[in-house]
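Please keep the sequence and the model in view while reading.

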Amino acid sequence: MSTRIAFLKGHGTENDFVIVPDPENAVDLSPAAVVALCDRRAGIGADGVLHVVRSAAHPEAKGMAAEAEWFMDYRNGDGSIAEMCGNGVRVFARYLQHAGHVTEGDLAIATRGGVKSVHLAKDGDVTVGMGKARLPEGDVTVSVGERSWPARNVNMGNPHAVAFVDDLAHAGDLYSPPPFSPAAVYPDGVNVEFVVDRGPRHVALRVHERGSGETRSCGTGACAVAVATARRDGADPAVTGTPVTYTVDVPGGTLVITERPDGEIEMTGPAVIVAEGEIDAEWLENALR
């Protein structure tokens, strides 16, 4: 291991990440290393790690290398691997621009949830093609304390349970995963969104992200919420032929979600690089003991 490892810190609507540039996939990011880096007191602090690797250099992404040069090897703050992170994709794209790998305009990024189309706008916002939502059938219930609510099962490449509540405070502290039933619906856990209305096609959410606890924002969660809200409101672009757009407030800012008649969903929001530096390899080795 080299004596120091380059890193950057970035966020998308305050969903924050440690970014580790590693084009040739030479850095061993074990689950314990990810946990150490994401520790907000003893490490750098983040909701997750964006491991930046060329697709051709990563065994999980080689098959996507012809479509996308770069692979977002995303890790949750607890060290687990996630299929997709919408805010992470925006920050990942911003890093590629910051590093001079790409310029304003369109690019493709490989993820475990497939290749995502991204647009870097001149005004600084980043739009990500998030793919299509799947709406599995079946009743789902989520609970906090003595309260429980029906939830909409939405899959954005990762699983979500969307519950509409009267007050976001009813979500509790969200330190631990809200219980859900039936357990078989989400065998690998679930991201849970609690949603209130703010106005016409305007909602706000709080989220417990699987593997990270409550976060300031969740991109795939905002998309899941927009789709669930549209269906609750009787709007289905595949039926009407008209796109539907929702403004989704998250604790860390605002995202704009559009679902198109072909089912494709676009998410637009900010992405910021905050700082860059070097991880001391001796510290990292000691942290893993």
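The sections below cover the basis of the model, its cores, its helices, its strands, its cysteines and its salt bridges.

## Basis of the model

The model is a predicted one, in which local features need pLDDT of at least 70 and side-chain atom pairs count only at pLDDT 80 or more, while totals for chains, interfaces and linings use all residues. Residues are numbered from 1 along each chain as its sequence is written, and side-chain values use heavy atoms, with hydrogens and water left out.

## Nonpolar cores

A nonpolar core is a set of buried Ala, Val, Leu, Ile, Met, Phe, Trp, Tyr and Cys residues joined through side-chain atoms within 4.5 Å. Buried means under 20% relative accessible area, exposed means over 50%, and partly exposed lies in between (1.4 Å probe, protein chains only). The largest such core holds 51 residues, and L96, I109 and I257 have the most contacts inside it. Helix α3 (residues 219-232) supplies the largest share of this core, eight residues. Helices (H or I, at least four residues) and strands (E, at least two) are DSSP runs, numbered from the N terminus.

Contact denotes heavy atoms within 4.5 Å. With neighbours within four places in sequence left aside, L96 touches V52, W70, H101, V102, L107 and I109. A second, separate core has 17 residues, among them W149, L174, V190 and V196.

After α2 comes G100, with a positive phi near 85°.

In helix α1 (residues 31-38), A33, V34, A36, L37 and C38 are buried. These residues pack against strands β2 (15-21), β3 (48-54), β4 (70-76) and β18 (272-280), and against helix α5 (281-287).

## Strand pairing

Two strands pair if DSSP finds at least two bridges between them. Strand β8 (residues 140-144) has V140, V142 and V144 on its covered face, with T141 and S143 on the uncovered one. In a regular strand the side chains alternate between the two faces of the sheet. β8 pairs with β9 (residues 147-155) in the antiparallel sense over five bridges, and T141 has P150 as its bridge partner in β9. Two residues separate the strands of this hairpin, where G145 takes a positive phi near 60°. β8 also runs antiparallel to β11 (residues 180-181), to which two bridges join it; there T141 stands opposite S181.

Strand β7 (residues 126-132) has five of its seven residues buried, so it is largely enclosed by the rest of the structure. Three bridges pair β7 with β6 (residues 114-120) in the antiparallel sense, and six bridges join β7 to β17, again antiparallel. K132 stands opposite E264 in β17. G263 lies in the loop between β16 (253-259) and β17 (264-269), and contacts G131, K132 and A133 when neighbours within four places in sequence are left aside.

## Cysteines

A disulfide is taken here as a pair of cysteine sulfur atoms within 2.5 Å, and a search of the whole structure finds zero. The nearest cysteine sulfur to C85 is that of C218, 6.7 Å away. C85 counts as buried at 4% relative accessibility. For C223 the closest cysteine sulfur, in C218, is 8.7 Å away, too far for a bond; C223 is buried at 0% relative accessibility.

## Salt bridges

A salt bridge is a side-chain nitrogen of Lys or Arg within 4 Å of a carboxyl oxygen of Asp or Glu, and the count comes to 18. R216 and E14 meet in one of 2.8 Å, N to O. R216 lies in the loop between β14 (213-214) and α3, and E14 in the loop between β1 (4-12) and β2, so the pair ties together parts 202 residues apart in sequence.

E83 and R210 form another salt bridge, with the closest N and O atoms 2.9 Å apart. This pair links the loop between β4 and α2 to the loop between β13 (202-209) and β14, 127 residues apart. E83 is partly exposed at 28% relative accessibility, whereas R210 is buried at 17%. Salt bridges that share partners also join K9, D16, R40 and D47 into one network.
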